Amino acid sequence: MILVSGARGRLARIVMEQLNEPVVGMDVREAPADFPGEYFHLKRYAHRKTAEIFRQVKPRVLLHLGVRSASPRMEKRYTENVLGTQHLLRLCEKYGVERVVAISSFHVYGAHEHNPVGIREDAPLRAGASFPELIDLVELDHTVSNFVWRQDHVSAVLLRPVHIIGPRLRNRASKLLASPYVPRLIGFDPMLQFLHEEDAARAIVVALRSPRRGVYNVAGEGTIAYSHAIRNAGGRPLPLPHMVARPFVRGFGRVKLSIPHYLVDYFRYPTILSDQAFRRDFRWEPRISTVQALRSLRAV
């Protein structure tokens with residue numbers, strides 16, 4: 001049996017469709033009316049009820065997609081992302097789970113002017129030093145990475161995908177690029193990487209069905225300049241001086257969508273990953289081009 005945390009999420013739904021086998025879902029959010037399987041609503045992943053789920057379900061695989069990014073409260077995000085993940089991994093050890101697949105993000109590397117092109121998995125995770133909002137994500141990443149390498153009984157893999165976008169997602173990157181006018185800093189037009197939602201789900205499924213362990217970057221096909229990404233998604237760049245970008249983004253978030261201010265630097269400096277290890281070890285290639293992925297947002 002496969003146990004999916006973060007099962008309420010849209011990416012989780014796409015993954016479950018591709019798995020095409022029975023799953024049990026759990027989330028800190030209420031169950032959707034059309035969930036395709038058994039579902040558990042939790043107060044938090046560190047709650048004692050989680051252990052009851054493991055005892056009852058006896059999962060063979062844990063697919064941990066329950067990363068919380070939307071909550072503005074740092075304490076709540078830390079509890080769910082870090083303490084919750086630690087609790088889930090302890091339960092995997094205790095109840096004989098054979099395989100763990102967890103999701104992090106390329107954001108953990110940080111956005112810096114001197115980032116090399118082709119960041120590898122052994123690069124330092126510098127995001128927490130620059131962006132306090134990402135400390136919990138970096139700690140989650142460290143928690144799972146340590147579990148991957150110290151565990152002999154549980155085979156585990158951690159994925160660090162680039163911007164995942166698609167018409168079915170409601171994440172920040174998809175909603176931002178699907179806007180009619182998209183903020184762009186004057187004097188900056190970095191190269192970016194995107195991964196279509198279907199390819200992201202395929203990567204997760206491939207990792208779940210493989211015995212390999214490790215930490216892997218996952219990216220789509222090629223790179224594209226930010227200004228071209230905006231136009232391919234159907235929007236128009238809204239040029240902004242850097243000095244007013246952060247106040248504008250805060251205001252934009254209040255009236256349109258929640259954009260964390262740290263995202264400004266990820267659309268200012270390139271953070272280009274090398275995903276050659278994942279492609280080689282899992283024999284995986286993206287099927288949807290970057291341009292196709294961006295154009296799919298016009299349907300949002």
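Biologist: In this predicted model, which residue of β2 is the bridge partner of Ser5?
Modeller: Met26 of β2 is the bridge partner of Ser5. From β1, the chain goes through helix α1 (residues 10-19) to reach β2, a right-handed β-α-β crossover.

Biologist: What makes β1 and β2 a pair?
Modeller: Pairing takes at least two bridges. Strand β1 (residues 2-5) and β2 have four bridges, in the parallel sense, so they count as paired.

Biologist: Why is β2 called largely enclosed?
Modeller: Buried means under 20% relative accessible area. Five of the five residues in β2 (residues 23-27) are buried, so the rest of the structure largely encloses the strand.

Biologist: Which residues of β2 point which way?
Modeller: Val23, Gly25 and Asp27 point one way, Val24 and Met26 the other, and all are buried. In a regular strand, side chains alternate between the two faces of the sheet.

Biologist: Which residues have the most contacts inside the largest nonpolar core?
Modeller: Val15, Leu159, Leu177, Ile204 and Phe278, in a core of 67 residues. Helix α7 (residues 197-208) gives the largest share, seven residues. Apart from that core lies another of 27 residues, with Leu3, Leu42, Val144 and Val148 among them.

Biologist: What does Leu177 touch?
Modeller: Leaving out residues up to four places away in sequence, its contacts include Ile165, Phe194, Tyr226 and Leu297.

Technical notes:
Residues numbered from 1 in each chain as written. Predicted model: local features only at pLDDT ≥ 70, side-chain atom pairs only at ≥ 80, totals over all residues. Heavy atoms only, no water. Buried < 20%, exposed > 50% of the residue type's maximum accessible area, 1.4 Å probe, protein only. Helix = DSSP H or I, 4+ residues; strand = E, 2+ residues; numbered from the N terminus. Right-handed = clockwise from strand over helix to strand, strands pointing away. Core = buried A, V, L, I, M, F, W, Y, C linked by side-chain atoms within 4.5 Å. Contact = heavy atoms within 4.5 Å.
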